[in-house]
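I opened the file today and kept notes as I went. The entries follow in the order I looked things up.

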Amino acid sequence: MNTSISKANQSQGMLLFTLNLQKQRFAIGTLKVREIVPFLPTTQIPYSHQHVIGTVSIRGLTVPVIDMAAAIGFRPIAPQEYSNTYLVVTDCLRTVVAFMVRDIDKIIECDWKSIEPAPDSAGRNVFVTGVTRFEDHIVQLLDVELLLSKIYPQYADTKIPMLTDVQRERIKSLNILLVDDSSIARKQLGDALNNINIPFDICRDGNSALEFMRSKAKQNDAIDILVSDIEMPGLDGYELAFEVQNDQTLRHAYRILHTSLSSEMCTERAHQVGAHEALVKFNAGELIEAMLRGAESLTAH
């Protein structure tokens, strides 16, 4: 296979923007962004979350507007400032929302290997998954999944599927590795498997996952099912899948990419780099069904 594919996602667009008056730079991957529009007048929603300032109509779709500054802990943007803000319309976790930001900086190409994971000392509920530098300024990559789960708690819920004893034992006998840089995603994944009594290991980025898989393989206890996020600091999910596929000691693993991105492009690229499946977060039933397909595939081989 052409090794150049491993470079398919080393560089990816990042949208830089500011949320506070200190002009700190924040970012989200452009694959999550549908469009950017100047602020539009909103219609208020009774009993909505305090950080949801209303809804707007964009291309015939009613979209909730979230004050991103307030949502991550900064001073809320005052109504008199709204007219100078922008709406970043995202498609994430199977839903479309618009994040109100103070200003749009620029879109840059960023090598994900240059992004460092947020330090453990930052705490469990910090909204930053990674940190990089651009033009001598620190840029913080935001955890959109965690942010949405705080505003819409139902997104954090998991619908646990019912398994037969035979299905449960089939999965339970396998070595499962979960990889995600989002703290809420790791909790969702872990809860889904814990609730049906399925053991697993978990890593927070691609580099540590690859190291862990190689260590397990040396112990003749190789990983059977890999479930990995796509957008991660260091080694992203595409590159992780590629590395696993091209390592004779690891390629036995059934590779599932699990992403908040809603895009056919993600699925196509996932297959190009050696993933067996690509799923949109988060539906525990779909994930368990994919693991069962993985178990059947492994048994067939």
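**Entry 1: aromatic pairs**

Is Phe39 buried or exposed? I looked up its relative accessibility and got 16%, so Phe39 counts as buried. The cut-off I applied is under 20% relative accessible area. I keep in mind that this is a predicted model.

Next I listed the aromatic pairs and found 2 in the structure. I took Phe26 and Phe74 to begin with. Their ring centres lie 5.8 Å apart, with 65 degrees between the planes, and the pair is edge-to-face. I then checked where the two residues sit. Phe26 is in strand β2, residues 25-29, while Phe74 is in the loop between α1 (68-71) and β6 (86-92). The pair therefore ties together parts that are 48 residues apart in sequence. I looked up burial for both. Phe26 is buried, at a relative accessible area of 2%. Phe74 comes out at 27% relative accessibility and counts as partly exposed.

Then I turned to Phe39 and its partner, Tyr82. I read 5.2 Å between the ring centres and 40 degrees between the planes, so this pair is tilted. Distant parts of the chain are linked here too: Phe39 belongs to the loop between β3 (33-38) and β4 (52-58), Tyr82 to the loop between α1 and β6, and they are 43 residues apart. Tyr82 has 15% relative accessibility, so I noted it as buried.

**Entry 2: the mixed sheet**

I traced the sheet that holds β3 and β6. I count 5 strands in an open sheet, ordered β3-β6-β7-β5-β4, with mixed pairing. Why is one side of β3 and of β4 left without a neighbour in the sheet? Both stand at the edges, and each has a single partner strand. From one strand to the next, the twist averages 30 degrees.

I looked at one pairing in detail. β3 and β6 run antiparallel and are joined by 5 bridges. In that pairing I found Glu35 opposite Val89 of β6. I also asked which helix packs on this sheet. I found α2, residues 144-151, touching β4, β5 (61-67), β6 and β7 (95-101). The direction of α2 makes about 95 degrees with that of β7.

**Entry 3: the parallel sheet**

I moved on to another open sheet of 5 strands. I read its order as β13-β12-β14-β15-β16, and the pairing is parallel. The edges are β13 (201-203) and β16 (277-280); each has a single partner strand, so one side of each lacks a neighbour in the sheet. The twist averages 20 degrees from one strand to the next.

I zoomed in on β15, residues 254-259. It pairs with β16 in the parallel sense, over 4 bridges. I picked out Thr259, whose bridge partner in β16 is Val280. Helix α8 (residues 284-300) packs on this sheet and touches β12 (176-179), β14 (225-228), β15 and β16. I noted about 165 degrees between the direction of α8 and that of β15.

**Entry 4: Asp229**

Where is Asp229 found? I located it in the loop between β14 and α6 (237-245). Its relative accessible area is 3%, so Asp229 is buried.

I listed what Asp229 touches, leaving out residues up to four places away in sequence. The list includes Val179, Asp180, Asp181, Leu257 and Thr259. Lys281 is another of its contacts. I checked that one further: the side chains of Asp229 and Lys281 are joined by a polar contact of 3.5 Å.

I also looked at the record. The UniProt annotation "modified residue: 4-aspartylphosphate" covers Asp229, and the entry is unreviewed. I note that such annotations may be inferred rather than shown by experiment.

**Entry 5: whole-chain totals**

I ended with the totals. I count 8 helices and 16 strands in the protein. How many of the 301 residues count as buried? I got 54%. I looked at contacts between residues at least 6 apart in sequence, and 64% of these join residues at least 24 apart.

Terms used: Residues numbered from 1 in each chain as written. Predicted model: local features only at pLDDT ≥ 70, side-chain atom pairs only at ≥ 80, totals over all residues. Heavy atoms only, no water. Pairing = 2+ DSSP bridges. Helix = DSSP H or I, 4+ residues; strand = E, 2+ residues; numbered from the N terminus. Axes fitted to C-alpha atoms, helices over the stretch in contact; angles between N-to-C directions. Contact = heavy atoms within 4.5 Å. Buried < 20%, exposed > 50% of the residue type's maximum accessible area, 1.4 Å probe, protein only. Polar contact = N/O pair within 3.5 Å; in protein donor to acceptor, adjacent residues only side chain to side chain. Phe/Tyr/Trp six-rings, centres within 6.5 Å; stacked < 30°, edge-to-face > 60°.
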